[in-house]
Amino acid sequence: MKKRKRIAILTGGGDCPGMNAVIRAVTKRAIYEKDMEVIGIEDGYHGIVNNRYRRLTYNDVSGILTLGGTILGTSKTANPYRYPVKRGGQLEFQDVSKRAIRNMNKLDLTCLVCIGGDGTLGIAYRLFKDGIPVIGLPKTIDNDLRGTDITFGFDSAVSIATEGIDRIHTTAQSHHRIMIVEVMGHRAGWVALYSGIAGGGDIILIPEIPYDTNSIAAKVKERNKKGKRFSIVVIAEGAKPKGGDVVIQRIVKESADPIRLGGIGFVLGEQIEKITGLETRTVVMGHLLRGGPPTPFDRILATGLGTKAVDMIEHKQFGYMAGVKQNSLITVPLERVAKGPKTIPLNHPMIKAARSIGTCFGN
Ligand code: F6P
């Protein structure tokens, strides 16, 4: 009697729309087509360190295609190689990877499917080097993963941000104000660039192009002179002025990447109001971009990537991530993904396109 394959799935890092759609696609195909056994690891890598997991049936993942968040839970602080432990009230970090690997080996897995962004997949790559058969799936609203043209969650975040920018237009026009919309994106500007273009932003500020406050003020004044008595500025949370630095909202000590960005929109708002004398207001969209149902595009992408992962398991393509290149599903070595975030190249066609219609990038 052929031994039934057993796979496990975990979701790590910031949640985003589409995570459940991916869990559904991997689980349904594994059970329905390949008769595999599927285990859901709870709360990201916390689950493999502390043996927290449950069996997933076909019915468990039925009806979750449109559900935001992740039914498995996730974490941004659980790194088995640098695990936060409280001792005598003090926070310290321990390498508990051996324990995690022992727990995985006890489960006798054919594969551990890690759904995550650069942090989670960086850890997945280390687990792979330590002998765990791992496959990665590209999740993040930031779209900053190397090796893939797009990550799931990005389209949903851009869609939510664009709806916010559309709404901000009416209040900007009514009050003749400068409205600044700050969006997430970590250290890359993909969300700001795409939602800025989709929302008709007059000024788009991204980390890849440090800005000059005076050139932003000049753009606003130029519009005013032409009778456009309002302006929309879309700014990435990781944007910064020339010769200046990012604005840090808080430090999360337990987290592998403790810095949380946020608030640059308020800093810029005050400066623009001082220089131009025009009323300015700032909106920070924050975690709204990570909530709610995935767009149809993200549901389709998630289903494609999730079912691709089962192919990769069948072909023992461990140590790889499923991704997209020119609309085709591909596989990418995790080693490449773990090399750090993918930022926007300065000659990106959409920067050129936006500039060609008069959009200002602050430089
Ligand atoms: O990586 C996703 C993301 O939402 C980033 O855009 C943002 O900088 C960060 O996570 C926020 O993290 P947290 O949810 O811990 O505040």
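Select Lys76 together with the ligand: a polar side-chain atom of Lys76 lies 2.8 Å from an oxygen atom of the ligand, a polar contact being a pair of N or O atoms within 3.5 Å, where pairs within protein also need one atom able to donate a hydrogen and the other to accept it, and residues adjacent in sequence count only if both atoms are side-chain atoms. This is a predicted model, in which local features need pLDDT of at least 70 and side-chain atom pairs count only at pLDDT 80 or more, while totals for chains, interfaces and linings use all residues. Residues are numbered from 1 along each chain as its sequence is written, and side-chain values use heavy atoms, with hydrogens and water left out.

With Gly185 the backbone takes part instead, one of its N or O atoms lying 3.1 Å from a ligand oxygen. The protein buries 83% of the 400 Å² that the ligand exposes when taken alone, by the Shrake-Rupley method with a 1.4 Å probe.

Now widen the selection to the residues around the ligand, that is, those with a heavy atom within 4 Å of it; among them are Ile141, Asp142, Met184, His186 and Glu237. By class, this shell holds 2 nonpolar, 3 polar and 5 charged residues.

Which pocket holds the ligand? The ligand sits in the largest pocket, in the sense that more than half of its atoms lie within 2 Å of the pocket's grid points. A pocket here is an open set of points on a 1 Å grid over the protein atoms alone, where a 1.4 Å probe fits and protein lies on both sides within 12 Å along at least five of seven lines, and lining residues have an atom within 4 Å of a point. Its volume is about 990 Å³, and of its 44 lining residues Gly14, Lys76, His186, Asp257 and Arg260 lie nearest the centre.

Finally, select Asp149, Ile150, Phe297, Val324 and Asn327, which lie nearest the centre of the second largest pocket, lined by 20 residues. Its volume is about 480 Å³, and α9 gives the most to its lining, with 4 residues.

Technical notes. Nonpolar A, V, L, I, M, F, W, Y, C, P; charged D, E, K, R; others polar. Points joined across faces, edges and corners; volume = space filled by probe spheres on them. Helix = DSSP H or I, 4+ residues; strand = E, 2+ residues; numbered from the N terminus.
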